[in-house]
Amino acid sequence: MNVSLNWLNDHLDLSHMSLQEIDDLLTFAGVEVEGISQKGVPSDHIVVAQVKSAEKHPDADKLNVCQVDAGEGDLRQIVCGAQNYKVGDKVPCALPGADLGGGFVIKEGKLRGVASLGMLCGAGEIGLVDEEDGLMILPEDMKVGTPLRGIFNADTIIEVEVTPNRPDLLSHTGMARELSALAGMARKPLDLSVAETVSCNHVVKISAAASCPFYTAVKISDVTVADSPAWLKTKLEAIGLRPINNIVDVTNYVLHELGHPLHAFDDSKVSVPIDIRMATEGETFNALDEVEYALTPEDVVISDASGAALALGGIMGGLTSGVTETTTDVILESAYFTPSNIRRTSRRLNLSSDSSYRFERGTDPQAVLAASAYAAKLITEIAGGRVEHETCTAGAAPELNGQVELDPDKLDQLMGGAISHEGAEDILTRLGLEKLDGKLWSVPSYRLDLHRHIDLVEEIARVHGLDNVPSRFTGTYAHESEVDAAYDYQMTLRRKLAALGFHETQTIKLIAESSTDATVAQMDTALPLRPLQDGDVIRVALPLSEDHAIMRPSLTPGLVATAARNIRQGAKSLLFFELGRQFRNVGGGKANDLEADSLAMLLGGENKPSTWSNRSSAIDGFDVKAAIEALLPHRGIQFNRRERDGFILSADVQCDGKPIGAFAQLSPKKCRELGSDTPIYLVELDVKKCQQLGTGTIQVDELPQFPGSSRDAAMEAPIDLPNADIEKVIKKHNENLLVAFSCFDLFTDPTGEKLPADKKSIAYTFHYRSPERTLKAKEVDLAHQKLLDQLSKVLPVTYR
């Protein structure tokens, strides 16, 4: 909202305060100042000048070469294109160096080859109100050379952002009231007498009391619609409004003066009674913006006896019922509309106005009559005419505020004793509250945000100044909760994955159950921690679209969709993860609406950027396992194969023998549909299980004091024997001297020449060490042989 400093000075004297002081006062009290700008003549180099002669430009038909007297002793030559002046007229002259705003600084130059040593100006070019095209013709009694900045009053515009809970600040009266309370200044009196009222059902009736509890109308006869006086135009233009005519300008002035919207109808276009009703299905309305709107039964309209909609209640007037130059009698509307109704209609129609902006936040119901009387008084003063009879009313203004208790003990506790009870009472009184018996305070009708004890304390704190409230550094120790621990662990996972080169994604929790778009995989790429049964998917009762039909049982569909978009943009490496909730039933719907946090990862494309010296290779399953091991260090990660529909390769992910998630590789067909020519891998992990295994005390082994000894073994095994089975036997054997082992070679021969085609040769290295002594070769050989015997006993392997 734009606030005029000159307008504010009509309410209180701010001459002793600088702009910075006003800015700080409002900002620290919770009223955000977004900008401060100057209005009016912008420079002292703009002076009164008299045209002494004017001749046609030798090379331009529409330009004149003028000699002007700017009070400098010598005449100044200026080329001018305006046509509305004559020799002897006094006009504004911008001398070289004058800054007209926006970086436009007047300089000496040439126009079509003729020297021009300044600029003759129109009113709009020097920050004043344009009343005619061309130059601004000044009064004859103005002295030549006088700076116009000292003749015409300048103004300062403060742009403020008012929070939705403070509609009382959406006017100059409200802003002056606020500044008066903050600075302890007295306000100038404003006469807001209320006219006599009468309930007249034959003139006004309310058929939609829930949307419009109170409505008033007053008729003003024999008005003359014309331009507004200069003072009114100046005020409106200062805050960015365009003057229209004296009647409409008064309603706009009162809106920005008092904060209550009004509307004026042409009486000849209205047939009583006026009816405030809900629109009918399919009804249309032609608004002042010349757009036809389709209404619904949720919209409130102002109609007359003919049933035609005259205005869209609280938002905008109609195109055919407004005031024009031929209007002689007007009906002035002032009403209170329910905020939620106005907000709903304004959002649905995408139609906003100064009126709707205030009504949807809440106006003062008790100001309805005062605003009407004030506007009627101004109209009769400016446009003539007379007020006919009393103000007709329908309904009653609701009482939205009441009494609030201020507990002094709680005030002291919250304020830390920073303010006395007397000081707190003084602040509340300055804010317009009235002290009642005991601890009770009566809240004024315009403060719709004050309902609780803490609301009063907040007002006291912001007026007193939060800088004046002492800080307390002591606090009560609180043990880390499960929620805190879960959050910290998830942030640790995010940091680790980011360090590994992954990019975090955030996808929508609703996905499509099936999709005809092959590039946007949905349920066919889901990798739930446990396979789904019929009834395990949670469906949305009324989905917005087919793409948002079910709650995601897995996070991987969103990652696959993300990968598809990145592939289309030319991404070579695909490393994405998401931490979030997945939703499902269990046991075919026996256990309903279960939620759990999951970590999903997608890996594909190049494992590193390709350079002239280092060729990249495609990411494989071992890169996936390495990423999981980085998240769970010092733990044994294993993939146990488990078939899952729709994937070429899938497995359960285990950590130290405990299941923590699922792994899968997309089929080549799906990869081609996504546009990828390399394999794509998916992982989904149970965050809670990972947290249980990945947190706690870390055991650290001492550095070995004695050397170890290694032995290798090459085994011939069936080609379909999983490596995980071999590792299980080795771990279960539990040889005390074995400290490490790893697979270092794998050989197969599909031709069967060097090795049967159904066999594979797999080589392991085993490292043995004792923490107590240096092992002898016989001890190492014995331990190694026992391990080999156990492997050949349990598994179908032979040694080469």
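In this predicted model, Glu-673 is partly exposed, with a relative accessible area of 27%. Its salt-bridge partner is Lys-670, at 3.1 Å from N to O. Lys-670 is buried, at 11% relative accessible area. Both residues sit in helix H15 (residues 668–674), three residues apart, about one turn of the helix. Elsewhere, salt bridges with shared partners link Arg-166, Asp-168, Glu-178, Arg-447, Asp-449, Glu-459 and Arg-462 into one network.

Helix H10 (residues 421–430) holds another pair, Asp-426 and Arg-430, four residues apart, about one turn of the helix. Their side chains form a salt bridge of 2.9 Å, N to O. Asp-426 is partly exposed at 39%. Arg-430 is partly exposed at 31%.

The count of salt bridges comes to 37. One of them joins Arg-386 to Asp-222, with the closest N and O atoms 2.2 Å apart. Arg-386 belongs to strand S22 (residues 386–395), while Asp-222 is in the loop between strand S13 (214–221) and helix H4 (230–238), so the pair ties together parts 164 residues apart in sequence. Arg-386 is partly exposed, at 43%. Asp-222 is partly exposed as well, at 45%.

Now take a charge without a salt bridge. Asp-249 lies in helix H5 (residues 246–258). Asp-249 is buried, and the nearest side chain of opposite charge, Lys-233, is 6.9 Å away. What does the side chain of Asp-249 make a polar contact with? The partner is the side chain of Ser-228, at 2.5 Å. Beyond its neighbours within four places in sequence, Asp-249 has contacts that include Leu-232, Leu-236 and Arg-242.

Next, the strands. Seven of them form an open sheet of mixed pairing, in the order S26-S29-S30-S34-S33-S32-S31. Strand S26 (503–504) and strand S31 (637–641) are the edges, each pairing on one side only. S31 runs antiparallel to strand S32 (residues 647–655), over five bridges. There, Phe-639 stands opposite Val-653. Helix H16 (residues 687–694) packs on the sheet, and its direction makes about 70° with that of S34. Helix H14 (residues 621–631) lies across several strands, including S31, to which it runs at about 135°.

Seven of its 10 residues are buried, so S37 is largely enclosed by the rest of the structure. Strand S35 (residues 709–718) joins S37 through 10 bridges, antiparallel. Ser-710 has His-767 as its bridge partner. Strand S36 (residues 738–747) also pairs with S37 in the antiparallel sense, over eight bridges. Leu-746 stands opposite Ile-762 in S37.

Terms used. Residues are numbered from 1 along each chain as its sequence is written. This is a predicted model: local features need pLDDT of at least 70, side-chain atom pairs count only at pLDDT 80 or more; totals for chains, interfaces and linings use all residues. Side-chain values use heavy atoms; hydrogens and water are left out. Buried means under 20% relative accessible area, exposed over 50%, partly exposed in between (1.4 Å probe, protein chains only). Helices (H or I, at least four residues) and strands (E, at least two) are DSSP runs, numbered from the N terminus. Two strands pair if DSSP finds at least two bridges between them. Contact means heavy atoms within 4.5 Å. Axes are lines fitted to C-alpha atoms, for helices over the stretch in contact, and angles run from 0 to 180 degrees between N-to-C directions. Lys and Arg count as positive and Asp and Glu as negative; His and the chain ends are not counted. A salt bridge is a side-chain nitrogen of Lys or Arg within 4 Å of a carboxyl oxygen of Asp or Glu. A polar contact is a pair of N or O atoms within 3.5 Å; within protein, one must be able to donate a hydrogen and the other to accept it, and residues adjacent in sequence count only if both atoms are side-chain atoms.
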